[in-house]
Amino acid sequence: MEGGEYFSNEFSEYLKEHGIQKKYSCSYCPQQNGIVERKNKHIAEITCAMLDEKNLPNYFWAEVVATIVYIMNRTPIAIVHGMTPKENSHVKNQMFHTLECFVALHTCMFLMRRYQTRPKS
Amino acid sequence: MVKNCYQREHDARNEKLQQKNYASTSNEGDEQVFVMQHIANSMIGVVSDNNVWYVDSRASNHMTSHGEWFRDTKDLKTPGFVQTDEDTTHPITQIGKVPLSMQDGQTKYLKYTLHVLTITKKLVSVGQMVDQGLQVTLNPNGCFVENMKNQGKLIAKGERNGRMFTLDVNMPEVNSMLFTHGKGVGDIGIWHKQVGHVNLQCLKLMEKQNLVGGLPKFGTEEVMSKVCEACQLGKQARHPFPTQITHVSSKPLEMIHSTVWTTKTKSIGRCKYYVSFVDDHTRKVWVYFMKHKGEVFQHFLNFKAMVEKEKGVSIKCLRSDGRGRVFFK
């Protein structure tokens, strides 16, 4: 089912049923959907940086994105008054689980040695 | 000298008048005959200066051979002919109006002008001007055309060249006329469009410094008041992505922003897309990878169940991309 995304009848009916208001930005105007698009830009940039840094082939993007989101949710943000998204939405004063990040990175490096088939341009 | 056999002129009264005229002038002696011959000869000769229009009392209509000057042309229903002295006839190709740039920069039109390919002179008919309510005065200083309906306002003047009277007008540039066809040459909007939507002040400057041939003079008010719709639309820019956004929501899960991101390369798990959900209040990001876009709904259900269980509150608003994606897939 291509292109159903947010507009399938099923989706609309579900939202209606559960009392969730839906707001759509104009076509081809991602600026209106600014917050999530800005996050996406952040993710895309760091994905490029991390793939490049470790000379990983492009098909590792999903692993890298998962790592980035993990890190982002544990990084303090100015707009939520220096708190991390995770501690704000979950439990207060939660420690950064930095170790997990590094484990993820090490996994990447390990995979790199196994899967690398071509140099990154 | 020139008699028009155009159907419209064929009523008996006109014909009688023309014959009368013809008779009177041909009796007037050698000098008149010489003038007539002069024109007759030059009709066969080389094309003379473009700007010379002869004021002719014996031509029944204005006529010229320059087809490119004509506007609002009409074809004749029945073929018409112009007859000259030597009993030679010239076919009339079409009938229309011809713009003339006056010396004061205004553009006037010669209405009902005949397009006759085979004549080389341009003739302005005195009779036709009189029919339009104009007064034509010929004196040793030159030729003056006044509008009797408008308190004798001077419309055009001409010079006296020997015993011929010529109108003092300029023909607009042919190129400029091609694109201003049907509208006034003096329309600043059309010039603005033709010169690639140039700034109106620049156009004014071009006119001041005579950089463009045939550019009419524009009034300052005209320049200031003109607004080009296309230019205004072209200048409109999108708002940038906001650098700082104040919170719309005061609690977590009040608003969820969502979008789908795609890449060319498939991941190890053969995923090509991911859908991201961002909580407006906490800015926490959730990412779900997908093989097809259609999985968005299922992931939303999972996401919703998870966060609502976590927070104990339910999602109030979902904000996502526009409909364009659906239509153009």
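User: How many helices and strands make up the secondary structure of chain A?

Analyst: In this predicted model, local features need pLDDT of at least 70 and side-chain atom pairs count only at pLDDT 80 or more, while totals for chains, interfaces and linings use all residues. Residues are numbered from 1 along each chain as its sequence is written, and side-chain values use heavy atoms, with hydrogens and water left out. Helices (H or I, at least four residues) and strands (E, at least two) are DSSP runs, numbered from the N terminus. Along the sequence, chain A reads α-β-α-α-α-α, and its secondary structure comes to 5 helices and 1 strand.

User: What percentage of the residues of chain A count as buried?

Analyst: Buried means under 20% relative accessible area, exposed over 50%, and partly exposed in between, with a 1.4 Å probe and protein chains only. Of the 121 residues of chain A, the share that counts as buried is 43%.

User: Is B:Arg283, which has a positive phi, buried or exposed?

Analyst: B:Arg283 is not a glycine, yet its phi is positive, at about 65 degrees. The residue sits in the loop between β14 (273–279) and β15 (285–290) of chain B. Because its relative accessibility is 9%, B:Arg283 counts as buried.

User: Where is B:His197 placed in chain B?

Analyst: B:His197, although not a glycine, has a positive phi of about 50 degrees. Its relative accessibility is 34%, so B:His197 counts as partly exposed. The place of B:His197 is in the loop between α5 (188–194) and α6 (200–208).

User: With which side chain does the side chain of B:Ser60 make a polar contact?

Analyst: B:Ser60 lies in the loop between β2 (52–56) and β3 (63–64) of chain B, and it is buried, with a relative accessible area of 12%. A polar contact is a pair of N or O atoms within 3.5 Å; within protein, one must be able to donate a hydrogen and the other to accept it, and residues adjacent in sequence count only if both atoms are side-chain atoms. At 3.2 Å, the partner of B:Ser60 is the side chain of B:Asn61.

How values were computed. Chains are lettered from A and ligands numbered from 1 in the order in which they are written.
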